[in-house]
Amino acid sequence: MKGKKEVWIGFFILLILIIVIIGIKFITDNKKISDENLKTVYVATGGGKENFISDEEVVDIMKKKYNLNVVYDSWSNGKLIKNPLTREDGSGYDVMFASDQRFYDYYKLAPDESKGEAKRNTVLKGGLTLNTPIVIYSWDTVVDALIKENIVTQKDNVYYITDMNKLISYILEGKKWSDIGIDTLYGSINIDSTDPVTSSPGATYYGLLLLIMCNGNVTEETANENLSKLKEFYIKSGYMNNTPADLFELYLKTGMGGKPMIVDYEKSVIDFANSNPDGWNQVKDKIRILYPTPTIWNSHCIATFTEAGNEYYDAYNDKEIQQIAWSKYGFRTGVTGGNYDVSQVNVSGIPQSIDSTVTSLKMDMYEKLISYLGND
């Protein structure tokens, strides 16, 4: 009896294994058939949104709701507007997804043959898709001192730099942290940023500084009047990182003593709080997010070249995708400055809307700014 019982147990185990194997094969085969029915969209994409576009939920929504299999190839913004937009096999792209509005605007212009720019595709649809404002990250002790200096104002639990000109002048004058009552910090007041000469985020920030110095009206004349002051600011800033991710990591790891103030995007702190909750809990009571008045948007823009590209662009109107973009990765979607439910993110001090902003500089002015800063 015992031997028969063991035989039956073995038989049932074998039967279950066979059923499981058949089930797995059935699901895999169905998935292959399903994926074969998807429309493949090829996207030439700039950086800064890698985690979001590869998010499993976003990929799943693109497939199940919009029948799209999206293939992303990494491009630098500079190459997007200069080189032929072709894949390694010589085929074309359906979409360009630039990580800064100035490159999107520039792409829609006729190529400058004197700069060796390639012929461009006709843009069918497109516009601002993922948006995040420039902010300055600091620490509680620093911000308390800046409030006393009437540089920072707190309103509805949000910290605003309401006198950017005064803060800029403090840096240009070489004021020390001890001059504003922070004796624990050594050296001069400074705001760390990525290098505007080699980094798109850094260039956006220095574009904002130039706009503020020119009182919001950047012309050839006003730019020429203020570029020397901007370069002095650049020189006083010292060594700069080339990527915002490295800078933000240093800010978190070295604390107030290492990085009293840095420039980055609003999205960075939301992404960090979601991806590293333990780390966030260690620093959240000390971190302060400062919104310059005015600030400037970093806008990731889509340009479509085919009907498949149009379908991909239209998918960003999906409420689920927009909620993931905001609550997990800190991207404000759709119309810049729109209202968002800040209770969806585990970060305090973020405003429902961004109201005080300036328009990004055009490409030619950015090139002039970068060239001026980069020349010895």
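Among contacts in the protein between residues at least 6 apart in sequence, 74% join residues that are at least 24 apart. The model is predicted. Its secondary structure comes to 15 helices and 11 strands. Of the 376 residues, 49% count as buried. Taken along the principal axes, the C-alpha atoms fill a box of roughly 95 × 60 × 35 Å.

**Helices H8 and H9**

- Helix H8 covers residues 200–213 and helix H9 covers residues 220–236; their axes come within 10 Å and cross at roughly 130°.
- H8 and H9 are therefore oblique to each other.
- The crossing of H8 and H9 is right-handed.
- On the H8 side, the residues that meet H9 are Tyr 205, Tyr 206, Leu 209, Leu 210 and Met 213.
- On the H9 side, the partners are Ala 223, Asn 226, Leu 227, Lys 229, Leu 230, Phe 233 and Tyr 234.
- The residues of this contact divide into 10 nonpolar, 1 polar and 1 charged.
- An α-helix has 3.6 residues a turn, so residues three or four places apart point the same way.

**Nonpolar cores**

- The largest nonpolar core has 76 residues.
- The residues with the most contacts inside this core are Tyr 206, Leu 230, Met 261, Val 269, Ile 289 and Ile 350.
- H8 gives the largest share of this core, 9 residues.
- A second, separate core has 23 residues, including Val 58, Met 62, Ile 324 and Phe 331.
- Leaving aside neighbours within four places in sequence, Val 269 is in contact with Tyr 137, Phe 248, Trp 280, Ile 289, Val 347 and Ile 350.

- Ser 193 is found in the loop between helix H7 (164–173) and H8.
- Is Ser 193 buried or exposed? Ser 193 has a relative accessible area of 4%, so this residue is buried.
- Apart from neighbours within four places in sequence, Ser 193 is in contact with Tyr 205, Tyr 206, Met 240, Asn 241, Leu 247 and Val 263.
- Tyr 205 and Tyr 206 are also among the H8 residues that meet H9.

**Helix H13**

- Helix H13 covers residues 307–314, and its buried residues are Ala 308, Gly 309, Asn 310, Tyr 312 and Tyr 313.
- Which elements do the buried residues of H13 pack against? They pack against helix H3 (56–64) and the strands E1 (39–45), E2 (68–74), E3 (95–98), E4 (126–139) and E9 (295–304).
- Tyr 313 lies in H13. Leaving aside neighbours within four places in sequence, Tyr 313 is in contact with Lys 125, Gly 126, Gly 127, Thr 129, Ile 302 and Thr 304.
- Tyr 313 and Gly 174 are 139 residues apart in sequence, and their C-alpha atoms are 47 Å apart in space.

- Phe 305 has its place in the loop between E9 and H13.
- Why does Phe 305 count as buried? Its relative accessibility is 11%, and buried means under 20%.
- Not counting residues up to four places away in sequence, Phe 305 touches Leu 85, Tyr 93, Asp 94, Val 95, Met 96, Tyr 107, Asn 121, Thr 122, Val 123 and Leu 124.
- Phe 305 and Val 41 are 264 residues apart in sequence, while in space they are 11 Å apart, C-alpha to C-alpha.

Key: Residues are numbered from 1 along each chain as its sequence is written. This is a predicted model: local features need pLDDT of at least 70, side-chain atom pairs count only at pLDDT 80 or more; totals for chains, interfaces and linings use all residues. Side-chain values use heavy atoms; hydrogens and water are left out. Axes are lines fitted to C-alpha atoms, for helices over the stretch in contact, and angles run from 0 to 180 degrees between N-to-C directions. Helices (H or I, at least four residues) and strands (E, at least two) are DSSP runs, numbered from the N terminus. Angles under 35 degrees count as roughly parallel, over 145 as roughly antiparallel, 65 to 115 as roughly perpendicular and the rest as oblique. A crossing is left-handed if the near helix is turned anticlockwise from the far one by less than a right angle, and right-handed if clockwise. Contact means heavy atoms within 4.5 Å. Ala, Val, Leu, Ile, Met, Phe, Trp, Tyr, Cys and Pro count as nonpolar, Asp, Glu, Lys and Arg as charged, and the others, Gly among them, as polar. A nonpolar core is a set of buried Ala, Val, Leu, Ile, Met, Phe, Trp, Tyr and Cys residues joined through side-chain atoms within 4.5 Å. Buried means under 20% relative accessible area, exposed over 50%, partly exposed in between (1.4 Å probe, protein chains only).
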